[in-house]
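I am opening a notebook on this structure and will write down what I looked up, one topic at a time. The entries are meant for someone who has not seen it before.

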Number of protein chains: 2
Amino acid sequence: MPAKAILISIGDEILYGQTLDTNSHWIAGELDSLGIRVNKKVTIGDTREEIINQLEESESQADIVLITGGLGPTNDDLTKPCLVEYFDTHLERNEEMLKNIRSLFKKAGREMSEVHEQQADMPAACTPIANNMGTAPGMWFERNGKVIVSMPGVPYEMRKMMSDTVLPKLSAMFIKDAIYHRMIRTVGIGESALAEIIKDWEDSLPSHIKLAYLPSMGTVKLRLTTSGENEQTKKEVQEQIDNVLPLIKKYVYGFDDEDMEEAIGRMLKERNLKLAIAESCTGGYLSHKITSVAGSSQWFNGSLVPYSNQLKNEQLQVDSKIMEEHGAVSEPVVLALAKNVRKVFKADVGVSISGIAGPGGGSEEKPVGTVWIGYSDEKKTVAKKFQFVRDRNINIGYSAVAAMNMIRINLDKD
Amino acid sequence: MPAKAILISIGDEILYGQTLDTNSHWIAGELDSLGIRVNKKVTIGDTREEIINQLEESESQADIVLITGGLGPTNDDLTKPCLVEYFDTHLERNEEMLKNIRSLFKKAGREMSEVHEQQADMPAACTPIANNMGTAPGMWFERNGKVIVSMPGVPYEMRKMMSDTVLPKLSAMFIKDAIYHRMIRTVGIGESALAEIIKDWEDSLPSHIKLAYLPSMGTVKLRLTTSGENEQTKKEVQEQIDNVLPLIKKYVYGFDDEDMEEAIGRMLKERNLKLAIAESCTGGYLSHKITSVAGSSQWFNGSLVPYSNQLKNEQLQVDSKIMEEHGAVSEPVVLALAKNVRKVFKADVGVSISGIAGPGGGSEEKPVGTVWIGYSDEKKTVAKKFQFVRDRNINIGYSAVAAMNMIRINLDKD
């Protein structure tokens, strides 16, 4: 039987619909990949009674209880006092945590006050967990073979704490047969079309290898899972991957943890090519994705966001007459943008995006979601039209993925 | 006392971290704006025992229980049989629902099978809720003045059902006193520093007005909540806002639903000014934030992401000698970038960012997280140095917020 976990998110702002709880989603995915089963996720408010009741109920139902939120320095944060009450313990100033907090403030050049020092007061019954990204330490409680952990609600603080400390400790305590996952990452094909192509392969999978489809924003990840990470299972899963790859090769951009933007970076770096971007309707989002990868200055020269037609003309020599005749959202304009940004920005590959993200600006002929994407390298300059249907920010996201896919396809062709 | 609600999401895919539950977030926001208090949100798997137990617990703790998910036509969907068992009732074919489902299949040109007809079998104890977007009808149960509603997990089906049927019915049954929220949005000050400044004011708040601090990425929202939306409470909350504003005025960028990027857009539009951006280490993220606001072409001309020094020089005439002498991350470089992007991009306001986002590129003198931000308008060109401490993407996020804050402060000065 896999270990059972319950996740508790604490915060009025989640109950009031003001903050979307992405923490429990992330934690659930991490625990799942370890082989720990999440039985329940609960969100409650910053209320003493609710917190105490939920702790009691959860400890009786699960082996592992992970709590996020309610650790701030202000009076509305109640998680720490509730844990002190629940474990019938008391607070003690922890010098190591205090040192951490002090050094954090020093680095940021900010002054520290009494409330910040109080964040180093830890329940005597817990093992404190250092927070390298913020001031609220985490707390690890253990009794009767069960574990209760409290972490801050700030996502990057929680994630760092989980990755550095909590997941390794949980794994050591609860995992005998590690779950083994492999991921095939696809783009440019929908979940059900993909399922149809690989139906026979999927039906022939041995029952101990589970397949999951994980769609997100124009990409679909295929996850193969089996329990027991050893040479035998690794080989077996690799064989299944080798079997399915020929069917879907043209949609596969990478494997396992590699994001789309990381794959594009790797492909450019391998080929020793530099990228330049001219993106209009996506307003900098594609450049942001590309540069979110560490080391991206090795394959990225720069980009222009020519929101006005004047900039398209003055900075990238797009003929004003062409824009008048065809509109800024048109094939000749993205062809010119891709080609010229490549030349002007001294790059090897140029990519351009021009579209109608919405909500305004649509017409009968070019409705909201119409997006032209251009690609240019030394050998060719091409363009493709996309029709997305959703709202402004969804259109921006889909356009960036489509542009990266166009880079991938064209680099693979050469 | 406001009516209490519990939200239950049913689905293994949420527990395993494969699907992010946005339904309960949306429902919580809708109920909150009606004045119904969500006390708890729970996610459980597709398991008979968990569903029955959760129904019992929730019905005993709340006035309203809203369930999403588990209504599909396949065998792993258990919500309907569990509700039949829980309410000790039986299924009856409902002709009206059957008609709906048939017409939906006809519209889509798809053939209907027996499993789809079975979706019109409804528990005799419920009032069926028509689903105009999909095949699974909803179910409205009432007993002892409490309401239990089951809806599909597909977000747009659920939202339509909520808006058309569930919210109006709940409002009619439960709403006397709506909840009233106001939000003061601040930037450039931490949660605890803010708490210290407004301590006396916070201590003097009447007990029926609740205050919450909602920090996120360099901003802190102060939320004032009271129950009963009427002229009296509105006036009372406004008076409290008026009392605290003089203490924190220089940190306040907006109120209620207005995001930082929306506030900047509004300020530029009000002043009839156009913005241009030259952002290096943030790689397009600031431009993305600015253009994520609909209508931003009214106040945004465009931006350059000059990742290489060559582009800084060729596109924006930053003297190569200055870059050699001071480095690209320096005061003279961001001053030149801000001033020149304003001129070259024909804008009224120029903003520039140059920094070391990390993980590489840091030095003793300029560690990772060192960021210079420049601002230029017709009257002045200024720059400020920031020291952030966290990882690449966090530094990018904080830099964008700091740059928007610099725009706000300087526009306010003029």
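**Entry 1, a sheet in chain B.** I began with an open sheet of four strands in chain B, whose order is E10-E11-E9-E12 and whose pairing is antiparallel. Strand E10 (210-216) and strand E12 (252-255) of chain B are at the edges with a single partner strand each, so one side of each has no neighbour in the sheet. From one strand to the next the twist averages 20°. For my own use I noted that strands (E, at least two residues) and helices (H or I, at least four residues) are DSSP runs numbered from the N terminus, and that two strands pair if DSSP finds at least two bridges between them. Axes are lines fitted to C-alpha atoms, for helices over the stretch in contact, and angles run from 0 to 180 degrees between N-to-C directions.

I then followed one pair inside this sheet: strand E9 (residues 179-187) of chain B and strand E11 (residues 219-227) of chain B run antiparallel and are joined by nine bridges. B:His181 has B:Thr225 in E11(B) standing opposite.

The model is predicted, with local features needing pLDDT of at least 70 and side-chain atom pairs counting only at pLDDT 80 or more, while totals for chains, interfaces and linings use all residues. Residues are numbered from 1 along each chain as its sequence is written, and chains are lettered from A and ligands numbered from 1 in the order in which they are written.

In chain A I found four strands forming an open sheet in the order E10-E11-E9-E12, with antiparallel pairing. Its edge strands, E10 (210-216) and E12 (252-255) of chain A, each pair on one side only. Neighbouring strands are turned by 20° against each other on average, direction ignored. Seven bridges connect E10(A) with strand E11 (residues 219-227) of chain A in the antiparallel sense, and A:Lys210 stands opposite A:Thr225 in E11(A). I also saw helix H10 (residues 231-248) of chain A lying across strand E9 (179-187), E11 and E12 of chain A, at about 15° to E9(A).

Next I looked at helix H11 (residues 260-270) and helix H16 (residues 392-413) of chain A, whose axes come within 10 Å and cross at roughly 30°. That makes H11(A) roughly parallel to H16(A), a term for angles under 35 degrees, whereas angles over 145 count as roughly antiparallel, 65 to 115 as roughly perpendicular and the rest as oblique. The crossing of H11(A) and H16(A) is left-handed, meaning that the near helix is turned anticlockwise from the far one by less than a right angle, with clockwise giving right-handed.

Which residues of H11(A) and H16(A) meet? A:Met260, A:Glu261, A:Ala263, A:Ile264 and A:Met267 in H11(A) meet A:Val401, A:Met404, A:Ile407, A:Arg408 and A:Leu411 in H16(A); two residues are in contact if their C-beta atoms, placed from the backbone, lie within 7 Å. By class, this contact of H11(A) with H16(A) has eight nonpolar, no polar and two charged residues. Here Ala, Val, Leu, Ile, Met, Phe, Trp, Tyr, Cys and Pro count as nonpolar, Asp, Glu, Lys and Arg as charged, and the others, Gly among them, as polar.

I counted 63 residues of chain A in contact with 57 residues of chain B. Strand E2 (residues 37-44) of chain A gives the largest share of the side of chain A that touches chain B, seven residues. That side of chain A divides into 26 nonpolar, 28 polar and nine charged residues. E2(A) is joined by five bridges to strand E2 (residues 37-44) of chain B, and the two run antiparallel. The bridge partner of A:Thr43 in E2(B) is B:Lys41.
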